[in-house]
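Here is a short briefing for a first look. Please view the sequence and the model before reading on.

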Amino acid sequence: MIVAKPHPIRAIAVPVLTGAALAIWAFPVLWALLTSFKTERDVLAYPPSLIFTPTLANYHDVLFGATSIVPNLWSSVIVAVGATFFTVVFAVPAAYALARLRYPAKRASGFYVLATQMLPPVGLIIPYYLVLQRVGGLDTYFGLILIDLTLTLPFAIWLMVSYFEDVPLEMEEAALLDRAGRFGALWHVILPQVRGGIAVTTIFVFLNTWNEFLFAVVIGGNRVRPVTVAMFNFMSVEQTQWARLAAGATLAMLPVILIGLFAQRHIVKGLTVGAVKGGGRR
Amino acid sequence: MATGAAARSFEAQERRFALTLVAPALVLLLVTTTAPLVYLLWTSLHRLDLGMPWLSGFAGLGNYAKMGSDPRFWNSLGLTAIYTISTVVAQVVLGLGVALLVLQIPKGQGLLRVAAILPIVLAPVVVGLFWRTLVLSPDVGLVDLVTRTLGLGSHNWLGDPQLALISVIAIHTWQWTPFAFLVLLASLATLPPDIYEAARLDRAGAWQRFRHITLPLLRPAIVVVVILRMMTALSAFAAIFAATGGGPGSATEILNLYAYRTSFSELNLGYGASLAVVLMAITLAISYVMFRLRRSRR
């Protein structure tokens with residue numbers, strides 16, 4: 001857009017307001033990070049202390065103390081990696097067929113995938129709980145990963161469809177003429193073209209499953225307890241230990257924050273791919 | 001003739017290939033989403049109270065009939081409407097506002113994009129816990145510090161029923177406005193600059209340019225943002241659960257939370273299932289209307 005000649009009010013208001021947005025989004029997160037290095041006494045100090053002697057005691061506690069979150073981090077890794085792996089393995093081929101191939105009831109199956117995305121999680125957790133309880137599937141990785149797929153698979157399929165649609169048709173035809181065969185063309189020619197899309201899908205699915213709470217709190221138990229549930233329990237058990245809570249939350253959110261910062265462009269692309277494209281294709 | 005047969009066999013081959021690729025995912029979705037959905041509907045027709053298992057049995061539409069005279073249900077329905085509409089409107093207005101502002105600053109756009117990513121990547125349950133403790137807690141929370149400094153006094157942000165509702169709406173808006181911001185910023189960047197040039201030559205003011213050029217061009221993107229944000233708002237759970245647990249009383253108990261509490265705190269899974277079915281019907285109805293709306297405007 002074109003910037004008009006700066007009006008004096010605008011010259012002040014624009015930086016002030018954008019600065020405010022920046023502060024409002026970033027400050028609570030930075031504040032939590034800061035809190036994680038305080039003693040419990042400094043946390044409750046009024047006025048709040050910006051200058052204090054930082055301590056690593058909270059991190060030591062949440063890592064090596066009685067209520068260590070290391071097992072929970074491990075639990076989250078298994079669930080998130082497992083769900084991400086199965087999502088990508090199932091979503092990528094399906095998305096290719098939906099984007100490029102002709103088969104009976106294609107429109108209907110595409111719509112079906114979209115419709116499954118609309119199911120509210122609370123409606124799924126009730127039957128899962130009843131069935132898994134009966135077959136001994138509560139507190140198992142199998143159960144939690146299976147229900148997490150309902151969250152990730154429809155979304156991943158549609159995200160990948162939009163990437164496959166961007167692959168130039170000529171490329172595929174050339175590969176076919178080379179007698180590479182359908183599968184060979186997909187594996188050697190098409191898939192390398194959508195590497196970026198697979199990366200975006202992987203990131204999104206990982207973020208969603210790492211952060212998932214509702215399924216984890218119902219299906220999980222003593223053995224399978226991801227960090228999101230551990231943080232929640234921590235709060236109900238040790239209500240006033242905010243510095244330790246902040247340290248635990250910092251560790252729990254470190255993977256997703258790092259992904260967010262390093263894969264920022266990918267995430268923005270993933271967020272916008274549907275929206276902008278859906279808008280552009282008028 | 002030979003080429004016709006070859007084409008036919010090629011088509012058959014392609015069909016087989018396509019089905020090999022798509023069938024596993026469709027079967028998996030059938031097993032993981034549709035089968036549970038059928039079981040949910042079936043459960044909603046039963047009385048299934050794990051606290052009183054001896055009363056379990058087929059109840060027909062009894063659970064649905066019960067909702068009519070259940071004030072907590074109507075309360076949750078109203079709260080769902082308030083929560084969904086206010087968070088979606090706030091996200092779109094604020095997100096668009098910040099996106100338009102950011103386009104006017106020569107430097108620092110990247111910094112704002114990074115800051116916007118932070119709330120999005122955090123787990124909603126952790127966001128709820130942050131706000132409950134460090135942000136909204138009376139006396140030491142950030143918001144209370146600000147209101148006290150401004151002379152507005154200290155408030156029990158999550159303990160007072162009305163303030164609690166405003167607080168959970170604020171939490172949701174804080175976490176998800178960056179999504180609207182990033183999507184709308186990307187869409188704004190794709191708008192053709194020559195239209196604005198022409199409008200300026202026509203001496204159209206900033207408001208007119210926004211009203212008659214930016215907004216219509218942005219409309220499809222806004223509709224998509226509204227659809228996606230509504231879905232998230234309707235299934236919002238973890239942040240409210242962590243911040244207020246649906247309380248105080250049932251002041252922040254949107255339908256989603258009511259269905260959860262009924263099923264897993266009160267262990268009345270039959271009634272909980274029927275509440276979840278109602279939530280699902282609402283979600284599907286809204287998405288159907290939104291998709292129709294989107295298509296008809298194309």
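Predicted model: local features only at pLDDT ≥ 70, side-chain atom pairs only at ≥ 80, totals over all residues.

Residues are numbered from 1 along each chain as its sequence is written, while chains are lettered from A and ligands numbered from 1 in the order in which they are written.

**Confidence**
- The predictor assigns the complex an ipTM of 0.91 and a pTM of 0.91.
- Chain B has an average pLDDT of 89 (the predictor's confidence in each residue, from 0 to 100).
- In chain B, 98% of the residues score at least 70.

**Chain B: fold and shape**
- Chain B holds twelve helices and two strands (DSSP runs numbered from the N terminus: helices are H or I with at least four residues, strands are E with at least two).
- Its order along the sequence is α-β-β-α-α-α-α-α-α-α-α-α-α-α.
- Along the principal axes, the C-alpha atoms of chain B fill a box of roughly 90 × 80 × 30 Å.

**Domains of chain B**
- Chain B is assigned domain 1 (2–44) and domain 2 (70–296); such bounds come from an automatic or database domain assignment.
- Their centres, taken over C-alpha atoms, are 37 Å apart.
- Four residues from domain 1 of chain B and six residues from domain 2 of chain B form the contact (C-beta atoms, placed from the backbone, within 7 Å).

**Where the chains meet**
- Chain A brings 82 residues to the contact and chain B brings 87 residues.
- Helix H1 (residues 8–35) of chain A gives the most to the chain A side, with 13 residues.
- That side of chain A has 65 nonpolar, 14 polar and three charged residues (Ala, Val, Leu, Ile, Met, Phe, Trp, Tyr, Cys and Pro count as nonpolar, Asp, Glu, Lys and Arg as charged, and the others, Gly among them, as polar).

**Core**
- The largest nonpolar core has 162 residues, of which Ile157(A), Met231(A) and Val126(B) touch the most other members.
- Domain 1 (2–44) and domain 2 (70–296) of chain B both give residues to this core, so the core lies between them.
- Leaving aside neighbours within four places in sequence, Val126(B) is in contact with Met231(A), Ala249(A), Ala252(A) and Met253(A).
- A nonpolar core is a set of buried Ala, Val, Leu, Ile, Met, Phe, Trp, Tyr and Cys residues joined through C-beta atoms within 7 Å; buried means that 20 or more other C-beta atoms lie within 10 Å of a residue's own, with C-beta atoms placed from the backbone.

Methods: Contact = placed C-beta atoms within 7 Å. Buried ≥ 20, exposed ≤ 12 C-beta atoms within 10 Å, placed from the backbone.
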